[in-house]
Amino acid sequence: MNSRPFSEPELLAPAGDLRRAETAIRYGADAVYLGGQKFSLRSRASNFSIDEIAEAVRYANQYHARIHVTVNEIPHDSDFDGLEEYLKTLEDIGVTAIIAASPAIMKLAKQTAPKLEVHCSTQMSVTNASTAQFLKDQLDIDRVVLARECTLEEVRAIVSHCPVDTEAFIHGGMCVNYSGRCTLSNRMTLRDANRGGCAQSCRWSYHLFQNDKELTDPDHLYTMGSKDLCAVNEIAELMKAGVRSFKIEGRMKTEFYVAGIVSAYRHLMDELMAHDYVLSEERMAYHADEILKAENRETCPGFYEGIDSAAVIMHENSDKDVNHGFLGRVVSYDENAGVLVLETRNPIDLEDRIEVMEPGMENRTFTVKSMQNENGEYLEKSRVPMRLLKIPVPFAVKIDDLLRKA
């Protein structure tokens, strides 16, 4: 077991199901945030039953990691049914914190489940230290998740006067409106964005008209969503400012995405802390490239470098399918023979250059010189998902390591 003590600052990763929670922790997350089957803003994610949350807590404890549960919907009166019991259960099974966006839920948690930390969600759009002080005084919150609309200078100012720990986003989706204050989905799909049903209408492809004249090329339709956040060049300053937790967005992203992004930021943060937050251009370029390999949408520094509205909007859909490079998962390894068994996800050919993603290690590469299927037949290529392939590898690997094209 690759157990690691809790580090400061915290790397906080998303998980849409138990498998992704375990992956995030193995690849270096200090904490994982996830949603239950009620009271959460990602109703289309797989989400966790109480038994699965308890299992995630047990797994996290082995690695000295923590589990945070999102209870961040904006509740109507009917949404409080069962909430008190739910909060007590989360406390009983060892959840560290809830992430909440409603003062009523925050107050209820402090009254009924006092061992739970209460983290103020980014949905509340906290952009100043006075608001954090108010929330601390009135609701005794333990942490504030800063609004994604804050600049780097604003983050510094807030942290220097904030009465509680701060958490900031470093990677992933950005809301085109102030986070949590959009009703496009409500109006266009009857799905309430603030009660778990956001249809991400801003990312749809639209025909754009002026009067009766279409201004868009039918092959290049218009979108109005934001590019994703990537704070690789700002993270050192955020760390020096004293931000307590660094958050990756993406509870609906794949296991491969979670592993790649978490691993890349884990290595970057560890190396920054080991070198007084100063790395060479070459090392920064290396880390930026590792992050680029896993991201699936155009990125920008968000608002950290100031407001640059034209540059951060995706006027045309440019999602990248990074998952096509995901080759599969190691399900067994014969140390004596130097052969792994790969559960495949995508096509693989002889002479492909393969990269092994192992928790806690920099990625290593090798060339595929031989492949055998379950029947012992030698193959030149594989096009069958979930097929088991025997592949010689020139160095030791571990079960559950992930392979991708180099």
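1. Helix α4 in this predicted model spans residues 103–112, and its buried residues are Ile105, Met106, Leu108, Ala109 and Thr112. These residues fall on the same side of α4, because the arc they cover around the axis is only 165°. The cover over them includes three strands, β3 (66–71), β4 (97–100) and β5 (117–120). It also includes two helices, α3 (83–92) and α5 (129–139).

2. Helix α1 (residues 18–26) is mostly covered, with seven of its nine residues buried. The buried residues are Arg20, Ala21, Glu22, Thr23, Ala24, Ile25 and Arg26. Among the elements that cover them are strands β1 (10–14) and β2 (31–35), together with helices α2 (50–62) and α9.

3. The domain assignment divides the protein chain into domain 1 (10–174 + 226–300), domain 2 (183–223) and domain 3 (326–405). Between the C-alpha centres of domain 1 and domain 2 there are 28 Å.

4. The largest nonpolar core has 88 residues, and those touching the most other members are Val71, Ile98 and Tyr265. Helix α9 (residues 255–274) supplies the largest share of this core, eleven residues. The core lies between domain 1 (10–174 + 226–300) and domain 3 (326–405), because both give residues to it. Another core, of 17 residues, lies apart from it; its members include Met371, Leu389, Val397 and Leu403.

5. What does Tyr265 touch, leaving aside its neighbours within four places in sequence? Its contacts are Leu11, Ile170, His171, Cys230, Ala231, Val232, Ile235, Ile248 and Ile291. As noted above, Tyr265 is among the residues of the largest nonpolar core that touch the most other members.

6. Two cavities of 30 Å³ or more turn up in a search of the whole structure. The largest cavity holds about 70 Å³ of space. Its lining consists of Gly260, Ser263, Ala264, His267, Tyr286, Glu290, Met357, Asn363 and Arg404. Two elements, α9 and α10 (281–294), each give two or more residues to this lining. The largest share, four residues, comes from α9.

7. Leu190 is not a glycine, yet its phi is positive, near 65°. Leu190 sits in the loop between α7 (184–189) and β8 (209–210). With a relative accessibility of 79%, Leu190 counts as exposed. Tyr277, also not a glycine, has a positive phi of about 70°. The loop between α9 and α10 holds Tyr277. Is Tyr277 buried or partly exposed? Its relative accessibility is 28%, so Tyr277 counts as partly exposed.

8. Thr166 is part of strand β7 (residues 165–172). It counts as buried because its relative accessibility is 3%. Beyond its neighbours within four places in sequence, Thr166 is in contact with Arg143, Val144, Leu146, Val159, Gly242, Val243, Arg244 and Ser245.

9. Thr122 is found in the loop between β5 and α5. Its relative accessibility is 4%, so Thr122 counts as buried. Not counting residues up to four places away in sequence, Thr122 touches Val145, Leu146, Ala147, Arg148, Phe169 and Ser179. The C-alpha atoms of Thr122 and Tyr178 are separated by 9.3 Å, with the two residues 56 residues apart along the chain.

10. Phe395 lies in the loop between β21 (388–392) and β22 (402–405). Its relative accessible area is 17%, and buried means under 20%, so Phe395 is buried. Leaving aside its neighbours within four places in sequence, Phe395 is in contact with Tyr333, Val356, Arg364, Thr365 and Phe366. For one of these, Arg364, the C-alpha separation from Phe395 is 8.9 Å, and the two are 31 residues apart along the chain.

Terms used. Residues are numbered from 1 along each chain as its sequence is written. This is a predicted model: local features need pLDDT of at least 70, side-chain atom pairs count only at pLDDT 80 or more; totals for chains, interfaces and linings use all residues. Side-chain values use heavy atoms; hydrogens and water are left out. Buried means under 20% relative accessible area, exposed over 50%, partly exposed in between (1.4 Å probe, protein chains only). The arc is that of the directions from the helix axis to the C-beta atoms. Contact means heavy atoms within 4.5 Å. A nonpolar core is a set of buried Ala, Val, Leu, Ile, Met, Phe, Trp, Tyr and Cys residues joined through side-chain atoms within 4.5 Å. Domain bounds come from an automatic or database domain assignment. On a 1 Å grid over the protein atoms alone, a cavity is a set of points where a 1.4 Å probe fits but cannot get out, and a pocket is an open set with protein on both sides within 12 Å along at least five of seven lines; lining residues have an atom within 4 Å of a point. Grid points are joined across faces, edges and corners, and a volume is the space filled by probe spheres set on the points.
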